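Let's take a friendly walk through a protein model together. Keep the structure open beside you and look for each part as it comes up.

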Amino acid sequence: EMLNCPIGPKTKALAVFLRYGMRVPYRKVKELFDVLFQMRFVPASAMGFDRAATRKGQPLYEDLKEKLRVAVTANADETIWRQDGITHYLWYAGNEELALYHIDRHRSAEAAKLLLGEDFAGVLTTDGYAAYNAVNAKERQTCLAHLIRNCNEIKQEILLKAARFQDPHALEFVDEVGSLFKNACAQGGKLRAGKISLATALVRRSGFYRKLDTICTRSLHDQKALALQRRLTDADKDKRRLFTFLKYPNLQPTNNQAERSLRGMVIFRKISMGTRSHGGSHTHSVLPSLLLTAQRQGRHPLGFF
């Protein structure tokens, strides 16, 4: 674009990309254009570019939401966000092709349904947060990495107690549960790599459930170990969701995909200290969703914007 001409789509697209693709603050965006291209505008203009891109991207954002609700698989997670100093929540749902963010005042079932609908058609992988029950997913996978960490944390807490207060059965319980989940994850890796067949994986899945039932018959006194035992034996909580990944060759046993997808936004939150208004939060929902989806579908965000 030529000097002294009205700011056009290439400049606006680059400003949006610097902000959301490179996480550059508005004042730095303004300085970059001033120094490199002798194009002068105030930081508020860069914010205006974002708002315009959000309006133009809104139909795509809604389309993205509809596509996600009928996806074969999805991962979901949430983290804290700040809007004008007030606690909000940044929600994520997506898979290897789609990414959807939504900033909401609440960490509730209604917020989960805004992303995934009330009847999610695929397999949903999450941590143990109960709000995701509201989306009525066809099938669920609980993150085994969370459960393995939970086993390790319970073990460390028991070992910190005086010997006479330690529950040896609880120590054996968390060790065996952790080993069982690690073994299951290894079998899932073999299934995804084609080293074992789906039929073999299903047989081993049944074996894991039988072994878990045996482990969970142990009498425990440690309260946290007992709470985990009840969680793993409750069909309405995690029991039916532990080894779903052994039924689907491309399904992961952990929720790392969602956690990685939130990481960039968490860094952005630390840089920007959150947003100041509902409009800003909406922009921070729409544009990162479109940017990450474009990347996952092989398109460079700058060209897309």
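Predicted model: local features only at pLDDT ≥ 70, side-chain atom pairs only at ≥ 80, totals over all residues.

A charge is said to sit over a ring if NZ of Lys or CZ of Arg is within 6 Å of the ring centre and within 35 degrees of the ring normal. With that in mind, find R19: its charged end sits over the ring of Y26, 4.0 Å from the ring's centre.

Residues are numbered from 1 along each chain as its sequence is written, and side-chain values use heavy atoms, with hydrogens and water left out.

Now turn to the sheet. Helices (H or I, at least four residues) and strands (E, at least two) are DSSP runs, numbered from the N terminus. Two strands pair if DSSP finds at least two bridges between them. Strands of a sheet pair through backbone hydrogen bonds, either parallel or antiparallel. Here, five strands make an open sheet with mixed pairing, in the order β3-β2-β1-β4-β5. Why is one side of β3 and of β5 left without a neighbour in the sheet? Both β3 (99-104) and β5 (139-142) stand at the edges, each with a single partner strand, so one side of each has no neighbour there. From one strand to the next, the twist averages 25°; axes are lines fitted to C-alpha atoms, for helices over the stretch in contact, and angles run from 0 to 180 degrees between N-to-C directions.

Let's follow the pairings. Strand β2 (residues 86-94) runs antiparallel to β3, and six bridges join them. One place to look is A93, whose bridge partner in β3 is L100. Helix α9 (residues 256-272) packs on the sheet and touches β1 (73-83), β2 and β3, where contact means heavy atoms within 4.5 Å. The direction of α9 makes about 20° with that of β1.

Is strand β4 (residues 123-126) covered on one face or on both faces? For this we need a scale: buried means under 20% relative accessible area, exposed over 50%, and partly exposed in between (1.4 Å probe, protein chains only). In a regular strand the side chains alternate between the two faces of the sheet. In β4, both faces are covered, with V123 and T125 buried on one side and L124 and T126 buried on the other.

Next come the aromatic rings. Rings of Phe, Tyr and Trp (its six-membered ring) pair if their centres lie within 6.5 Å; planes under 30 degrees apart count as stacked, over 60 as edge-to-face and the rest as tilted. The whole structure has 11 aromatic pairs. In one of them, the ring centres of F41 and F49 are 5.5 Å apart and the planes meet at 70°, so the pair is edge-to-face. F41 is buried at 8% relative accessibility, and F49 is buried at 10%. Ring pairs also link F33, F37, F41 and F49 into a cluster.

Finally, look at the charged pairs. A salt bridge is a side-chain nitrogen of Lys or Arg within 4 Å of a carboxyl oxygen of Asp or Glu, and the structure holds 16 of them. E157 and K224 form one, at 3.0 Å from N to O. E157 lies in helix α5 (residues 144-159) and K224 in helix α8 (residues 223-233), so this pair ties together parts that are 67 residues apart in sequence. E157 is partly exposed at 35%, and K224 is partly exposed at 46%.

D222 and K161 form another salt bridge, with their closest N and O atoms 3.0 Å apart. This pair links distant parts of the chain, 61 residues apart: D222 is in the loop between α7 (198-215) and α8, and K161 is in the loop between α5 and α6 (168-193). D222 is buried at 10% relative accessibility, whereas K161 is partly exposed at 37%.
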